[in-house]
Amino acid sequence: MSKTIIVSNRLPVKIQVKNGETVYKPSEGGLATGLSSVYKGEGNVWIGWPGKIVKEEKAQEKVKADLKDLNLYPVFLTREEIDDYYEGFSNEILWPICHYVPSYAKFNHRYWEAYKKVNRKFADGVLKLAEKGDTVWINDYQLMLVPFLLREKLPDISVGYFQHIPFPSYEIFRQIPWRESLLEGILGADLIGFHTYDDIRHFISSVTRIMGVNSTANHLIVHNRPVIVDAFPMGIDYEKFVEISSLPRTRSNIKKIKQSAREAKIILSIDRLDYSKGILQRLQAFELFLKNHREYKEKVSLLMVVVPSRDEVPQYRELKEEIDRVVSDINARNQTLSWQPVFYFYRSFPVEMLSALYQMADVCLVTPKRDGMNLVSKEYVASRVDEKGVLILSEMAGASKELSEALIINPNDVPGLSNTLLEALAMSRNEQQERMIAMRKTVEKFNIHHWVKLFMQRLNEVKSMQRSLATKQLSTNTVESIIKKYKAAQKRIIFLDYDGTLVGFDVNPLMARPDKELFDLLSQLLEDERNRLILISGRKYETLDEWFSHLPLDMIAEHGAWTKKYEQPWRRYHGLNDAWKKEIMPVMENYTDRTPGAFIEEKSFSLSWHYRKVENGLGEQRAMELEDNLKFFAEDRELQILQGEKVIEVKSNLINKGKAAAFWLEEDDYDFTMALGDDYTDEYTFRVLPDDAVSVKVGNKMSAAKYSVPTYKDARKMLFRLCSK
Ligand code: GDG
């Protein structure tokens, strides 16, 4: 039976020593709860650091044995490894880079060495347990290299990678000296998940620019393996927060808070100590609010919980000192004998206190400058069983994409934030309820269990898509049986697309000329009199004529607008007109003038706008715009817009390669039919072939073809084998 292995930096457990006894306390975090349905399943396991440095081998064995009962498997790390891989590379390089503070990044080579070493340790841990057919789900940025390390050893394994923090724009990510290795690491996964669409966009732009990987929307092709990048906004354990909201301990905490707050309203903020959380801006906004709205003096307090975190890292220590200073300044300047403006707690609380705070807060103020998701905002919503309270949420948090009924703010706009505080405190009960009900529905539906289910489902889907593509890959056996069929046949017809099928792509289409090997191949095929060979292409007939007219073959050019049988002249398809070109040409010219590197190719009955020489990204964007513009013309002129490999082509929809191929097929009876093609214009050909035909897609994309080969080189190889004596 196949199993699922979860991997993360930390195991969902705390190890404590009480009276000389080691106790294992399960962690209460949302991720642990969500994934418990997975790792607690029979045979499944969670691999990670147990959170404690255990030096001696005997002690390690004991921890290992104890954790086994909880389906946990420890990876032991040394003090040095924690310092350099976790505090160093993860928190002093990846964290600031991913949170858009590159000036904080310390590109220390020693950190990189440790990161590689520890990622290898984690991968070895997985490899000890994993077998063919298993699924591995790797969580977060500390383990970017693990997917690749697993893929190297177990090529067929299912690997998912989810990153909980943002993926930054290419401009920021490319600053990391080891960017290629990191991306290569992640690309070892079959499914790559982030919280939001923006993260996907940034990741894809980094891999296409830095690694030269091809992408179509969110599908990547990595060494012929299709990989999907998708958004999975993480949720919380909604039901748990609803339950905790009415526990006796929670209720008694609520009472205590009520007593100390008296009549004052409460603005609540809860974060880990981190410069990405916008804690200082929040304090500034609160003080500005007090200054501008004296009427709120003694009527509102900011209750700020900051959970200690990473305080060994210098920037965190400095931030902590700055917060201490600003809070005491605000209090010193504003407090009265009976009122304290800011209650500041630098520690963590039990969940029953957290729930009480959420329930007592008139406003929850969440102001990160950058946050992957932000669960605090969702926990506030889930805890408000009374449907009251106002959430102020930074647009820089992933959660803002889902919780659109919150008051959305830009955390850098301090005056704007102060105004929003006023709006929140003055909001009517009805409006609060309307917004809260809508947000509660979202948080309830997109909960942590839903998130886990979606991710696992999608990983399965990707895997089965890969499998169905793999079953099409021409195996040695299939090639043998094709050769047998070929040899036995007396009358064969073979359709060959040109670009991408017989030759590779070139930045300049006219440079993709046939080479000697290709001519040798065609000559060998043509030597056999039982073969009828048809080149079937979207290219201009003049080009095909120049390159191939000396060979005894037939040609279909411009998707069927022009056809030529051997020893006959080129013929034009009747019924086509090109009057529409006058209208489309100026539109394309306009885009060419605005886009350095773009050029137009004019054929008799089609116009193509090429962007293969345009700056990566800009070309795709302009092509989308152009297509949008052209749709309007195309509709009532019987035109078709084709998206090819870095080209947009407009042509009559009366012709396509399939219709052209059908003429040839009707002319005679053949006992062997074959077609090779790489892009979706060739799909028309594949569809008109008889059932027993051999159809081969070049490249690893979904296709109507029966078989596939990875590249044009493999296509040539296969054709050579057909000709071999
Ligand atoms: C990373 C990403 C992404 C806080 N104080 C106490 C306490 N907490 C709990 C909260 C919440 C969690 O800590 C904080 O989660 P966030 O999502 O807000 O932030 P990060 O820790 O930075 O998490 C983030 C997340 O990963 C998940 O993918 O959302 O963007 O940065 O659950 O409740 N818990 C207890 N006492 C406290 O005092 N018990």
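User: Which residue is the bridge partner of leucine 220 in β11?

Analyst: Start with the general idea. Strands of a sheet pair through backbone hydrogen bonds, either parallel or antiparallel. Now the case here, in a predicted model. The bridge partner of leucine 220 in β11 is valine 227. Strands β10 and β11 pair in the antiparallel sense, over four bridges.

User: How many residues lie between β10 and β11 in the hairpin?

Analyst: Two residues separate β10 from β11 in this hairpin. Check the turn: histidine 223 has a positive phi of about 45°.

User: In which sense does β8 run with β11?

Analyst: The two run parallel, joined by four bridges.

User: Why is β11 described as largely enclosed?

Analyst: Count its buried residues. Six of the seven residues of β11 are buried, so the rest of the structure largely encloses this strand.

User: What is the strand order of the open sheet of nine strands?

Analyst: The order is β5-β4-β1-β6-β7-β8-β11-β10-β9, and the pairing is mixed. The edges are β5 (72-74) and β9 (214-216), each pairing on one side only. From one strand to the next, the twist averages 20°. At the β5 end, three bridges join β4 (residues 45-49) to β5, and these strands run parallel. Leucine 72 in β5 is the bridge partner of tryptophan 46.

User: Which strands does helix α8 touch as it packs on the sheet?

Analyst: Helix α8 (residues 197-211) touches β8 (191-194), β9, β10 (219-222) and β11 (225-231). Its direction makes about 150° with that of β11.

User: Which residues of helix α5 are buried?

Analyst: In α5 (residues 146-153), Val146, Pro147, Leu149, Leu150 and Arg151 are buried. They pack against both helices and strands: α4 (109-129), β6 (135-139), β7 (158-162), α7 (179-186), β11 and α17 (448-472).

User: Now helix pairs. At roughly what angle do the axes of α9 and α16 cross?

Analyst: General idea first. Two packed helices are described by the angle between their axes and the distance between the axes. Here, the axes of α9 (residues 238-245) and α16 (residues 429-445) cross at roughly 120° and come within 8 Å. The two helices are therefore oblique to each other.

User: Which residues meet where α9 contacts α16?

Analyst: Tyr238, Glu239 and Val242 in α9 meet Arg440, Val443 and Glu444 in α16. By class, the contact has three nonpolar, no polar and three charged residues.

User: Are the faces of strand β15 covered or uncovered?

Analyst: Both faces of β15 (residues 363-366) are covered. Val363 and Leu365 are buried on one side, Cys364 and Val366 on the other.

User: Which residue stands opposite valine 363 in β15?

Analyst: Isoleucine 267 does. Its strand, β12 (residues 265-272), pairs with β15 in the parallel sense over two bridges. Strand β16 (residues 390-394) also pairs with β15 in the parallel sense, over four bridges. There, leucine 391 in β16 is the bridge partner of cysteine 364. From β15 the chain crosses through helix α14 (residues 375-383) to β16, a right-handed β-α-β crossover.

User: What order do the strands take in the open sheet of eight?

Analyst: The order is β22-β21-β20-β19-β18-β27-β28-β29, again with mixed pairing. Strands β22 (570-572) and β29 are the edges. Next to β22 comes β21 (residues 562-564), and this pair is antiparallel over three bridges. Threonine 563 has arginine 571 in β22 as its bridge partner. Helix α19 (residues 516-527) packs on the sheet, touching β18 (492-496) and β19 (531-536). Helix α25 (residues 712-723) packs there too, touching β18, β27 (672-677), β28 and β29.

User: Why does serine 703 count as buried?

Analyst: Compare its accessibility with the cut-off: buried means under 20% relative accessible area. Serine 703 has 18%, so it counts as buried. It sits in the loop between β28 (694-698) and β29 (707-709). Leaving aside neighbours within four places in sequence, serine 703 is in contact with Lys472, Glu683, Phe686 and Lys697.

User: How many helices and strands does the protein chain have?

Analyst: The chain has 25 helices and 29 strands. Of its 725 residues, 56% are buried.

Conventions:
Residues are numbered from 1 along each chain as its sequence is written. This is a predicted model: local features need pLDDT of at least 70, side-chain atom pairs count only at pLDDT 80 or more; totals for chains, interfaces and linings use all residues. Side-chain values use heavy atoms; hydrogens and water are left out. Buried means under 20% relative accessible area, exposed over 50%, partly exposed in between (1.4 Å probe, protein chains only). Two strands pair if DSSP finds at least two bridges between them. A crossover is right-handed if, with the strands pointing away from the viewer, the path from the first strand over the helix to the second runs clockwise. Axes are lines fitted to C-alpha atoms, for helices over the stretch in contact, and angles run from 0 to 180 degrees between N-to-C directions. Angles under 35 degrees count as roughly parallel, over 145 as roughly antiparallel, 65 to 115 as roughly perpendicular and the rest as oblique. Contact means heavy atoms within 4.5 Å. Ala, Val, Leu, Ile, Met, Phe, Trp, Tyr, Cys and Pro count as nonpolar, Asp, Glu, Lys and Arg as charged, and the others, Gly among them, as polar.
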